[in-house]
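Here's a quick briefing to read alongside the model. Have the sequence and the 3D view open as you go.

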Amino acid sequence: MGLKSFFNRKKKQRTPITDSCDPTAPTTSRSSSLKSRAQIEEELEQVFKKFDVNGDGKISCAELGSILASLGYPATEEELRSLIKEVDADGDGFIDLQEFIAMNTKGIESDEVMECLKDAFAVFDVDKNGMISPEELQSVLVSLGEECSMPECEKMISGVDCNGDGLISFEEFKVMMMRGLRFDAVESQ
């Protein structure tokens, strides 16, 4: 089995994004039926860290070879260089995190991701005016069992509010989610 087919086989086993885009759905059904791009990227970052044995933020030929060999897919130096070259967008001879994510998310349908983002945004946009206010954010988070004060909600919004209006538009929400940020990650910054 070649290296390309190894990676393609692994991608095909990934849970596809489905119609269940409701972020308020019980965790067990969401985790089995929905993997948002942000969730996938978080998982890929954890996998990347396993490949990046020395923690330098890059996967070298040696690191890739070691992991593949431990999985039962030994590869020659030439095969490893060829695989890295395929995904090495910046030409530095290594696979960085963004290249690793790009390599492993090519099969995700952007239309499906966009529909899930719209559905998630609609949950937070309680008054359906096309914007998420701190009050709406707090209301939804409280309904999900998260304790969050109004100042904390305002801080979370300011972390992604590009135009400074104190609200999150769908475009700002989309950028935030496509970067793999979550509201709680923004809060900790």
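Let's start with a helix: on H9, the exposed residues Pro-151 and Ser-158 sit on the face turned away from the buried side. Exposed here means over 50% relative accessible area, buried means under 20%, and partly exposed is in between (1.4 Å probe, protein chains only). Bear in mind that this is a predicted model: local features need pLDDT of at least 70, side-chain atom pairs count only at pLDDT 80 or more, and totals for chains, interfaces and linings use all residues. Residues are numbered from 1 along each chain as its sequence is written, and side-chain values use heavy atoms, leaving out hydrogens and water.

**Helix H9**

- The buried residues of H9, which covers residues 150-158, are Cys-153, Met-156 and Ile-157.
- Looking down the axis of H9, those buried residues fall within an arc of 95°, so they line one face of the helix; the arc is taken over the directions from the helix axis to the C-beta atoms.
- In general, an α-helix has 3.6 residues a turn, so residues three or four places apart point the same way.

**The chain overall**

- The protein chain has 11 helices and four strands; these are DSSP runs numbered from the N terminus, with helices being H or I of at least four residues and strands being E of at least two.
- Of its 189 residues, 38% count as buried.
- Among contacts with a separation of 6 or more, 55% come from residues 24 or more positions apart, a contact being heavy atoms within 4.5 Å.

**Aromatic pairs**

- Rings of Phe, Tyr and Trp (its six-membered ring) pair if their centres lie within 6.5 Å; planes under 30 degrees apart count as stacked, over 60 as edge-to-face and the rest as tilted.
- By this rule the count is five aromatic pairs.
- In one of them, the rings of Phe-121 and Phe-170 have centres 5.5 Å apart and planes at 85°, so this pair is edge-to-face.
- That pair ties together distant parts of the chain, with Phe-121 in helix H7 (residues 110-124) and Phe-170 in helix H10 (residues 170-178), 49 residues apart.
- Phe-121 also pairs edge-to-face with Phe-173, at 5.4 Å centre to centre and 65° between the planes.
- Here too distant parts of the chain are linked, since Phe-121 in H7 and Phe-173 in H10 are 52 residues apart.
- Phe-121 counts as buried at 7% relative accessibility, and Phe-173 does at 1%.
- Phe-121, Phe-124, Phe-170 and Phe-173 make up one aromatic cluster.

**Cysteines**

- There are zero disulfides in the structure, a disulfide being a pair of cysteine sulfur atoms within 2.5 Å.
- The sulfur of Cys-148 has its closest cysteine sulfur in Cys-153, 3.3 Å away, which is too far for a bond.
- Cys-148 is buried, with a relative accessible area of 10%, whereas Cys-162 is exposed at 64%.

**Record and one more helix**

- UniProt (an unreviewed entry) places the feature "domain: EF-hand" at residues 39-74, 75-110, 112-147 and 148-183; positions follow the numbering used here, feature names are shortened, and annotations may be inferred rather than shown by experiment.
- Over residues 39-74 the chain is 64% helix and 6% strand, with the end C-alpha atoms 30 Å apart.
- Leu-83 lies in helix H5 (residues 77-87) and is buried, with a relative accessible area of 6%.
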